[in-house]
Each structure stands twice: as structure tokens, then as C-alpha cells.
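Work through the exercises below with the structure open. Each task is followed by a stepwise solution.

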Amino acid sequence: MIDSEKVAVKSPDEQGAHLIEELTYDVLSDLHVAQSLYNIRIFVDPDEPVFILYGKLAGSLPDIKISDVATMTHTDDGLKLDVKNERYVNELLAKLIENYGKANILQIDRYTVLVATDEDIPDETIYEPSIELRRKVIDSIRRIAPEGYRIIKHEIAKNHILFIASEEPIKEQWVQKGYQLLKEAGV
Amino acid sequence: MLEPIMYTGGVYRHDELIELVEDLGGHVLQKNVMQLEVVLLILVPADDITAVEEKAKELLGTINRAPLIGTEIAVVAPSLAYHHMPHPTCDIAEYLRRNGAKTNIIGLARGVGRRAAQMTKSERGLINEHDLALFILGDFLSCIVDVKYQLYEDLEVPVIVTGGPECDAVPYAYAYIGGIGRRAKGFHRESEFTILDSIVEKISTALDQRREELEKDPLSVSPFRLMDEITQQIPEVNENLSPTPITMHLDGMRIKLPFDEYCKKVKNVKLTEGPILSDVAEVRPSYMREYIILKIKTKSVAGFAL
């Protein structure tokens, strides 16, 4: 759960603002981003119509590389990868297939993968938690925003997100309002 | 006067209850067998309800009053996206089903937003086939009061609207129920169940009013009697895998058979007094799949009542 000071909703419609606030809490905890998006400020005016959301993004886990998931040893059959962390096997296999082709990869059991190569494979990133987090955050914001607001302008920086949505083409004054929310939040 | 009740009990000997209901002049509208449990939606003459209660007690089953039995309700959401599903649309539809209604969830093609919100002719036709339409709207009062009524102002069936903000009434709707709106969580608290109960209550009163209107110019034949005749004379209807091969409406029914193939057969169903079905009811294709919609003519239109 996140604490109640984390979401502040402003709207000419007070009842609507309260309901959107409740919805925000539920959506964030449903999608497990309650700890990752905080200090949320929302301005919503259905008469304009506009929905502006500003939120601070928490830092995410570091990127996962091949060496974090498996150890490599050269054998007569080719390069053998012993999987240490099964959680990322799918991403590992996808990366290997992308680099070496499906015909050159053989997964003999849950924890062992053979690659038909005599050389060391470069220690590439196979999974970026930050991208996954952003995807979840954007998904949750789109669930909070009214569904009819399909015209979207957003800005994602390393530690904040600004999201403006409307039914009409985005007006300059809404963008300014968004930056004002940023200022209020001390960015 | 038929009393709508829902029986829940074991499969063992439940046929005795069905026989009893039929002997008393009641009707079994739906039978759902789920492994060893059976749920029956039945209509029993109000005077004989104690006999059914005793039988249910003997079979260790339970009986609940389900006021919406024999009606088909359209639960209409602006879209089928996660903004409205599964909460609250599915939760409300499920609660209505537990009260005996047959519900259909309808997601509009262009129901969202303010500027583009509209309803197509086929959507309107489909909703008008039901007994009542329940609209699940959002959080902002100005949208609900000033804009969204455009979706349902032309409907012929009574409309009940639910939304987030509290408000006494909205234009063109029979009733408005606040406190729901867009939700990302289910209905768990007692206060939330009170809201669901109030929806059922409002729907019951709206349907009672419709029944009263029908009584002023009664139907030429009881829809339940017509249902029994159709099931007997067109046995193919029982081969349909739908839980309700014949879905009852207040003034007719939806028969889940292809219209082109069975239209003539349905029109020619014989009634013991002499007339055939087309004398007492209007048969037309449904907007839902290829089904048949049957609207029973009133006494003034048919010229007689059976």
C-alpha cells in the first residue's frame, strides 16, 4: 500500500476528483507500481477536456546481463551455458536465438543450453527492468486517464513522468499547466 | 401470480422438484448442473410456494427469492476495455444473474468520451430487444448529466444508469444509482453490496411498472405457456448448448435457433385452442447472431386472449 499523501487530484468536479484519487490507488497497487510511481499530482477537467498527470519515478533494478543469469564453459559440443537464475531463461534464449539463429541453440534440460560456437559470447544485456517498469507505469496511467482521451502527449525523464491526455488536440496552455505541476512538485 | 424463485441443491432427486413445479402449474426456466450441484430458476404459483419449500427442505436444498427471473437485461458499458471491465461491469452483471436475470454485457463501439460518444443502429436494436438496459458510466457528473444521455435517449426500453458521483436523477433515465463509477477493485464491503442491492431493487420496480403497463392491455397468451408449446413442438431447441435455449422476456422471448431455417416452424406452432403462433405473436430476426425474437401481441392487437 502507498500512503495517502502520495496522490493529489485537482478538478473543478470535487466528487470526480475524489473518485479518481481512489481509482489511482487501486490501479497502482493492482499493477504493482505503487512503490515505483509516487508524489502523483493529477489535474482533470472534463469540461475542457483534459487530464494531466505528473508522477515521480523511483529507480529500478540494474539491467540483467547474460553473465548474471548463466555461466559459460567451452565443451566439445560447443559453448555450454549453465543457468543460475531460471527467471530470465526466456529472455536469454531470445537473445541467443537473435544472435546465433534457432538452429544453433539447443536447450538440453531446464538449466543447460548449448550454443554451437567456439568463441565466447559477448556479455549483452538481456533484460532491462527500467523498461519493464516504464511499460507498467504507462499502462497504469492509461488506465487512470478517462478512456475517451486518446490524444496523448507525454514526457518521460529518468525520474519523472508527465502525461497529458485529451479528446481534443493538445493545447499549449495544458502543457504549461503540466509544467506548473512539475514546479509545484519541486522539479 | 407466479413467484420467481431460485433453487440450489444437489443433483440427486432434483427431478422430483421439477415434477412438483410442473404439477403445480409452474415453469422451469433454467437448469444449470455444475458437477453435483444444480441451480434451477423456477416460477411457482404464489399460493403453492410452501409445497415447494417443503420439498426443497426434504432434498436439503435452499430456496431464494430471485425477483429478476424471466427477464433479460442489457448491461451496457461505453467499451469493453479495462477501464470498465471486469469491475464494475462484470460484477454488476454477475449480481443480477444471482438474482435470476439473464444478462448480456454490451460494449459499445463508440461509447467513450464526450465528443464521439454515440450508438449505432444495430446496438440500439440489440438493446431494445431486452427488457431493460443498465448503463455503467464513469466518474464525472457533468459527463453523465450533460452528455452521456445521448446514448440512451432514443431507447424504447427503460434505462437505469449507474455512475460515480451522487445525484438524484439524470435525464431520460428511469433511475440513477451513484457510488460506483470507474472501479479497479471488486465489490467486497457491505456498503458496496447495499449499492448492488439498490440496483436490483430499482430494476425490479422498473420491471414491475412495465408489468403493470402490460396488464392494462394484457398479452394474448402467457409467454411461459408459449415457451412450453415451442419446446414440445420444436424439440431441436433443446439441442442448443446455451444455458437458456429460450430466453424469456416480459412480452416475448428470444429463441436460440437460426431464423432462416426455423422461422416457418416457429410461426406454425399450434396452440390447443386453435390459433397458430403467428396469430398471437410477431416473429422477427434478432440482432443477436441469427436468433429469433418473438414479441407476443397484446389482446387489442390479436383480438383475443387465450
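**Exercise 1. Into which domains is chain B divided, and how do domain 1 and domain 3 of chain B meet?**

Solution. 
- Step 1. In this predicted model, chain B splits into domain 1 (2-65), domain 2 (72-214) and domain 3 (223-302).
- Step 2. Take the centres over C-alpha atoms: those of domain 1 and domain 3 of chain B are 24 Å apart.
- Step 3. Go to the contact. Domain 1 of chain B supplies five residues, and domain 3 of chain B supplies four residues.
- Step 4. Find the main contributor on the domain 1 side. Strand S2 (residues 27-34) of chain B gives the most there, with four residues.
- Step 5. Sort that side of domain 1 of chain B by class. It holds two nonpolar residues, three polar and no charged.

**Exercise 2. Find the angle and axis distance for helices H1 and H2 of chain B, then classify the pair.**

Solution. 
- Step 1. A packed helix pair is described by the angle between the axes and the distance between them.
- Step 2. Helix H1 (residues 14-23) and helix H2 (residues 49-58) of chain B pack at about 175°. Their axes lie 10 Å apart.
- Step 3. Apply the cut-off: angles over 145 degrees count as roughly antiparallel. H1(B) and H2(B) are therefore roughly antiparallel to each other.
- Step 4. List the contact residues. H1(B) brings B:Glu16, B:Leu17, B:Leu20 and B:Val21. H2(B) brings B:Ala51, B:Val52, B:Lys55 and B:Ala56.
- Step 5. Sort the contact of H1(B) with H2(B) by class: six nonpolar, no polar and two charged residues.

**Exercise 3. Why does chain A count as more spread out than a compact globule?**

Solution. 
- Step 1. Count the elements: chain A has five helices and eleven strands.
- Step 2. Compare with the globule rule. For 187 residues the rule gives 16 Å; the radius of gyration of chain A is 22 Å, well over that value, so chain A is more spread out than a compact globule.
- Step 3. Along the principal axes, the C-alpha atoms of chain A fill roughly 70 × 35 × 30 Å.
- Step 4. Look at the domains. Chain A is assigned domain 1 (4-58 + 129-184) and domain 2 (64-127). Their centres, over C-alpha atoms, are separated by 40 Å.
- Step 5. Check burial: 30% of the 187 residues of chain A count as buried.

**Exercise 4. How many residues of chain B are in contact with chain A?**

Solution. 
- Step 1. Count both sides. 23 residues of chain B contact 17 residues of chain A.
- Step 2. Sort the chain B side by class: ten nonpolar, seven polar and six charged.

Technical notes: Residues are numbered from 1 along each chain as its sequence is written. Chains are lettered from A and ligands numbered from 1 in the order in which they are written. This is a predicted model: local features need pLDDT of at least 70, side-chain atom pairs count only at pLDDT 80 or more; totals for chains, interfaces and linings use all residues. Two residues are in contact if their C-beta atoms, placed from the backbone, lie within 7 Å. Ala, Val, Leu, Ile, Met, Phe, Trp, Tyr, Cys and Pro count as nonpolar, Asp, Glu, Lys and Arg as charged, and the others, Gly among them, as polar. Domain bounds come from an automatic or database domain assignment. Helices (H or I, at least four residues) and strands (E, at least two) are DSSP runs, numbered from the N terminus. The radius of gyration is taken over C-alpha atoms; the globule rule is 2.2 Å times the number of residues to the power 0.38. A residue is buried if 20 or more other C-beta atoms lie within 10 Å of its own, exposed if 12 or fewer, and partly exposed in between; C-beta atoms are placed from the backbone. Axes are lines fitted to C-alpha atoms, for helices over the stretch in contact, and angles run from 0 to 180 degrees between N-to-C directions. Angles under 35 degrees count as roughly parallel, over 145 as roughly antiparallel, 65 to 115 as roughly perpendicular and the rest as oblique.
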